[in-house]
Amino acid sequence: MSASEDQDDVERVLAGDAAAFAGIVHRWQGPLVNLAYRFCRDRGRAEEMAQEAFLRAYRRLAQWRGDAAFSTWLFALALNVYRTELRKLPAGVLGLEEIAELHDARADGKALQARLEQGERERTVQRAVLALPQKYREALLLFYFQQKDVAAAAHVLRLPEGTVKARLARGRELLRRKLQDWAEREVHYIKEERCAKETI
Amino acid sequence: MREGNNLTDAELDRILADERAMQPSSSFAASVMDAVQREAAMHPPMHEPSIPFPWHIFLPGMAACLALPCLMLVLALRGSASASVQVQIQMHWVQGATVLAERYADLMANLPADLQQTGMEAVHHAAQMGAGWVLFALVLSWASVQWSVRA
């Protein structure tokens with residue numbers, strides 16, 4: 001993605017050619033939708049949030065002065081939109097019952113079972129990230145979204161790199177605890193289910 | 001998530017890093033551009049207008065800046081014509097300062113005599129050096145700063 005293409009499109013849009021915004025949408029739709037998806041885990045909602053981010057970017061295009069990369073400005077703006085949208089309706093977090101249902105739905109084949117377990121593990125980690133406090137959630141999501149680039153994540157979050165590193169460490173620690181807690185509760189839940197079935 | 005408590009740092013890192021990219025739906029870009037075109041019809045984004053110069057603040061200030069030297073010039077010309085008026089003004093300042101100094105001295109009555117004497121001399125000296133004008137200038141500066149901050 002070329003910075004000069006962004007610059008050219010921005011200039012054209014500001015000169016009155018709204019259609020030139022299509023170039024920006026074309027280049028950045030993937031990253032913006034993906035970032036939104038990481039925050040809500042809902043495809044339809046991610047697209048709605050990304051569309052709102054593009055609209056806001058269009059309205060505020062004149063505020064980008066070129067002192068930061070267009071992508072940094074766009075992601076920071078999108079992050080603000082996503083925060084606002086998620087405050088209106090927080091992303092759903094998988095409940096213990098749903099996790100148990102995933103276990104019940106497990107197929108018998110070993111390979112399929114392994115794949116399901118892996119997928120289930122990934123989903124649970126992703127859900128656990130969404131259940132973190134906002135500042136740790138944002139640091140973790142942006143760090144991995146930016147291919148583990150702390151500086152890039154710090155720019156988007158408008159925070160010093162040291163703060164982002166501290167939040168990443170604390171976020172991972174909270175994530176591990178949360179996953180452990182969920183796992184223990186789930187084992188307890190399954191045991192109770194078995195006892196109830198045996199009693200019947 | 002039976003294995004949740006067995007997740008290693010590396011595995012956690014891998015899961016978080018290996019997120020599969022999701023492709024936006026084929027109609028997404030068109031949908032965004034529809035919304036942008038609607039927005040453009042109502043409010044086209046323009047280069048941000050430069051911040052307008054605050055003439056309503058500048059002009060009165062400039063007028064005051066020009067008027068003040070003129071006023072001082074007129075006063076100086078008049079003053080040179082009647083030097084006695086200047087002397088009288090200075091005398092008023094000195095008298096006023098003396099009264100203040102005396103009151104100050106009353107307040108310091110409990111202090112040793114040499115300290116009282118030093119205080120009185122300091123006040124007289126300050127009055128003769130034009131401390132009143134300095135005080136006036138400071139008050140004027142403070143007022144102008146307050147006014148500019150408020151504006």
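A residue is buried if 20 or more other C-beta atoms lie within 10 Å of its own, exposed if 12 or fewer, and partly exposed in between, with C-beta atoms placed from the backbone. Keep that in mind for this talk.

Some ground rules. This is a predicted model, where local features need pLDDT of at least 70, side-chain atom pairs count only at pLDDT 80 or more, and totals for chains, interfaces and linings use all residues. Residues are numbered from 1 along each chain as its sequence is written, while chains are lettered from A and ligands numbered from 1 in the order in which they are written.

Chain B, then. It has six helices and zero strands. Helices (H or I, at least four residues) and strands (E, at least two) are DSSP runs, numbered from the N terminus. The pattern along the sequence reads α-α-α-α-α-α. How many of its 151 residues count as buried? The share is 6%.

Now helix H2 of chain B, residues 28-42. Its 15 residues should span 21 Å at 1.5 Å a residue, and the end C-alpha atoms sit 22 Å apart, which agrees. The expected span is 1.5 Å times one less than the number of residues. Which residues of H2(B) are buried? They are B:Phe28, B:Val32 and B:Val36. Seen down the axis of H2(B), they fall within an arc of 60°, so they line one face of the helix. That arc is taken over the directions from the helix axis to the C-beta atoms. Turned away from the buried side are the exposed residues B:Ala30, B:Asp34, B:Arg38 and B:Ala41. And the cover over the buried residues? It includes helix H2 (21-40) and helix H3 (43-59) of chain A.

That takes us to the interface. 31 residues of chain B are in contact with 41 residues of chain A. Contact means that the C-beta atoms of two residues, placed from the backbone, lie within 7 Å. H2(B) gives the largest share of chain B's side, 10 residues. That side divides into 19 nonpolar, seven polar and five charged residues. Here Ala, Val, Leu, Ile, Met, Phe, Trp, Tyr, Cys and Pro count as nonpolar, Asp, Glu, Lys and Arg as charged, and the others, Gly among them, as polar.

Last, a helix pair in chain A. The axes of H7 (residues 134-145) and H9 (residues 161-199) of chain A come within 8 Å and cross at roughly 105°. Axes are lines fitted to C-alpha atoms, for helices over the stretch in contact, and angles run from 0 to 180 degrees between N-to-C directions. H7(A) and H9(A) are therefore roughly perpendicular to each other. Angles under 35 degrees count as roughly parallel, over 145 as roughly antiparallel, 65 to 115 as roughly perpendicular and the rest as oblique.
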